[in-house]
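Subject: Structure handover

Hi,

Here is the structure you were waiting for. My notes follow below it.

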Amino acid sequence: MLARVTETGGYVVKLNCQALHSHNQGAWLVWLHGLLGTGDDWLPLVNACDQYASLMIDLPGHGKSADLTVTGGFAEISELLSATLSEHQIDDYWLMGYSLGGRIAMYHATHGKHDGLRGLLVEGGNPGLFSQQERDVRLQHDRHWAQRFRQEPLVSVLADWYQQPVFSDLTLVQREQFIHLRSQNRGNRIADMLENTSLGHQPWLVPDLQQITTPFAYLCGENDRKFQNIARQYTLPLKTIPRVGHNAHYSNPAAFSAAVNHFLSLFG
């Protein structure tokens, strides 16, 4: 399905999304993938949460939304998300996001138009960097990767991308699977999204997250030391997924979906 949003400039943008189990009554689950992914990444989880209607969104620059480029960062994406939900008459929903999708979800829940937001589930999403120096360093880091995504063969960039410490728990076979799967992306589109949603541009969300009034779960793989430490440092409501690292929903979908279903069951 396509969401059509008319901007003040008079042009129309289209954000691809797919609805599953839409016959179910009650709140929807809205799923936001990570950088290099697509909404289809969530299919095993969506099918394991089939008592809920689900909307899987392709973020700008990804999947069937690859031709959509945003220049307004998190604020523009949050507005686009709101308009997408409105287009599909979704006014009662849980927001689930992984990595980049988690950062977008946290921004939307604290800074966006989130009427109807029932609660927030974030997997391995960074709530931001406190100091300007940290943000400047991160901007340089992301611009370096963006330059590589634009100029080099995607397969060679991805081979290095999945060697980053946050992916250290991946096996050789899993790395090869990710490289093959993610090589379907367009390097220039990924670069645009990486720059526009850099942690260097993201607001410091911790104070708002600590005061959020909607139910909030911060899901993290047991072996994802970086994000375990972030959750503990900022007293985020950590829920641990056993025997996996950063991409917990991919590596242990059964345990991940069980954690999601249990959390949702607590709130009707």
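Glutamine 89 sits in the loop between helix 2 (73-87) and strand 5 (93-98). Helices here are DSSP runs of H or I with at least four residues, strands are runs of E with at least two, and both are numbered from the N terminus. Glutamine 89 has a positive phi of about 55°, although it is not a glycine. This residue is exposed, at 71% relative accessible area. Exposed means over 50%, buried under 20%, and partly exposed in between (1.4 Å probe, protein chains only).

Leucine 36 also has a positive phi without being a glycine, about 80°. Its loop runs between strand 3 (28-32) and helix 1 (43-48). Leucine 36 counts as buried, because its relative accessibility is 1%.

A word on the source. This is a predicted model: local features need pLDDT of at least 70, side-chain atom pairs need 80 or more, and totals for chains, interfaces and linings use all residues. Residues are numbered from 1 along each chain as its sequence is written, and side-chain values use heavy atoms, leaving out hydrogens and water.

Now the whole protein. It has 11 helices and 8 strands. Its C-alpha atoms fill a box of roughly 50 × 45 × 35 Å along the principal axes. Of the 268 residues, 54% are buried. Take contacts (heavy atoms within 4.5 Å) between residues at least 6 apart in sequence: 70% join residues at least 24 apart.

Best wishes
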